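Me: I have a structure open and want to go through it bit by bit. Start with whatever terms I need for the strands.

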Amino acid sequence: MDGGAPRRVLVLSAPVGEGHVAAARALAARMRELWPAAEVHEVESAGGGRRGGVRDAVLRRSYAATMRWTPGLYGLGYDLLVRHPRFAALCKRVAAARLGRSLAPLLREEHPDLVVSTYPMISGGLAWLRRRGQLPARSVAVVTDVAVHPFWVWADVDETWTLLPASRAQAAGLVPEAEVRVAPAAVDRRFHPGDRAATRRALGLPEGAFVVLVTGGSLAFGGMEGVVDAVLAGGAGEGPPVEAVVLCGRNERLRARLAARGTPGLSALGWTDRVPELITAADLVLTTAGGMIASESLAVGTPVLFANPVPGHGRAGARMTEEAGLALVCPRSTDVTAAVRRLRADPEGRAELSRRAREFSRRTLDAELEELARRL
């Protein structure tokens, strides 16, 4: 290391959903700007070589199938891990050993002085390597969700970054010996406060409408069609018309069904790289998934509403975000309609949510990375 900055950095994530990868890419981009002399290498795989690719495919497909068809099963697994520490410890030992063995060749080849992980099982692999003296580099686990389940926290990882003081307390309760910090969300720098009116004109959205950006993550899960109906119902009565812009992600069937409706005030988008502009243009971001899209919305300063959040970390994180004064949670469709109607008629309430969001995002990721360099 030269002047406190690392020379070789390894940023690890896994293609299970888009949030983990997006956070890793944001971190790597900031590191390259802050530490121009450093070699920053990104690896988006839960392991190396052919076996790593197979594992990635299995994880990605099983996660997608579970969240789309049996989300309750995912919630049950989350609850088991949180409520039964011995069971969680057993699962962690097995997963950490498997990931550690897969990561060992990569670590030997890269010989980094800093390793950052945005995927919980990879963080476990790093902890396994540290316990066996095979990881001399400093290690950092970056938690991308507000709620922290046991796989996110490992005593043998040097630092764990969480999003809220409540997240830190949750992590410390799970693994008291872990070094846990509260850090800014790892979001792309394109997510920042902007000119809403100008962005709407650029996107062709009506300037006088109450624009709700609806998303269910990259897979668009969480009963999206019912949520969309609830949003549109919130436009009844006096006030500006409601414009629902739905991010369907990789769910082409959902996009086609919504587009076929021909409903005024409803537009359905497939995969797009214009999410920063869409969040800036919106009066409200409504998500069934949470995770990265909530952090990105808070960075822009757009109010967040969790609609029937997915079981497990989705519901837990939504509740914790609401308790921090940074979002609203609507468990039922009727709650969504009422919240949209209320916020549509209450610009001062929306402004207060925006103020809290911007205050939450005031500390930058650059500042946290500079502090990390000093600790190195």
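Reply: Two strands pair if DSSP finds at least two bridges between them. Helices (H or I, at least four residues) and strands (E, at least two) are DSSP runs, numbered from the N terminus. This is a predicted model, where local features need pLDDT of at least 70, side-chain atom pairs count only at pLDDT 80 or more, and totals for chains, interfaces and linings use all residues. Residues are numbered from 1 along each chain as its sequence is written, and side-chain values use heavy atoms, with hydrogens and water left out.

Me: OK. How many bridges join S7 to S10?

Reply: Four, between strand S7 (residues 210-215) and S10, and the two run parallel. Within that pairing, Thr 215 sits opposite Thr 287 of S10.

Me: And what does S10 pair with over three bridges?

Reply: Strand S11 (residues 304-307), again in the parallel sense. There Leu 286 faces Leu 305 of S11. To get from S10 to S11 the chain passes through helix H11 (residues 292-300), in a right-handed β-α-β crossover. Right-handed means that, with the strands pointing away from the viewer, the path from the first strand over the helix to the second runs clockwise.

Me: Are the faces of S10 covered or open?

Reply: Both are covered: Leu 284 and Leu 286 are buried on one side, Val 285 and Thr 287 on the other. Buried means under 20% relative accessible area, exposed over 50%, and partly exposed in between (1.4 Å probe, protein chains only).

Me: Back to H11. Why is H11 called largely enclosed?

Reply: Because nine of its nine residues are buried, H11 is largely enclosed by the rest of the structure. Those residues include Met 292, Glu 296 and Val 300.

Me: What covers the buried residues of H11?

Reply: The cover includes helix H1 (19-34), helix H10 (275-281) and helix H14 (347-360), as well as S7, S10 and S11. Contact here means heavy atoms within 4.5 Å. Just after H11, Gly 301 has a positive phi of about 95°.

Me: H1 again. Which strands does the chain link through H1?

Reply: Strand S1 (residues 8-13) and strand S2 (residues 39-44) run parallel, joined by six bridges. The chain goes from S1 through H1 to S2, and this β-α-β crossover is right-handed.

Me: New topic, charges. How many salt bridges are there in the whole structure?

Reply: A search finds 29, a salt bridge being a side-chain nitrogen of Lys or Arg within 4 Å of a carboxyl oxygen of Asp or Glu. One of them joins Arg 32 and Glu 42, at 3.1 Å from N to O. Arg 32 is in helix H1 and Glu 42 in strand S2, ten residues apart, and the pair links distant parts of the chain.

Me: Which residue does Arg 189 bridge to?

Reply: Asp 366, with the closest N and O atoms 3.4 Å apart. Arg 189 is in the loop between strand S6 (180-182) and helix H7 (196-203), and Asp 366 is in helix H15 (residues 365-375), so the pair ties together parts 177 residues apart in sequence. Arg 189 is partly exposed at 39% relative accessibility, while Asp 366, at 19%, counts as buried.

Me: Last one: where is Ile 122, and is Ile 122 buried or exposed?

Reply: Ile 122 is in helix H5 (residues 120-131). Its relative accessible area is 0%, so Ile 122 counts as buried. Leaving out residues up to four places away in sequence, Ile 122 touches several others, among them Leu 12, Ser 45 and Leu 103.
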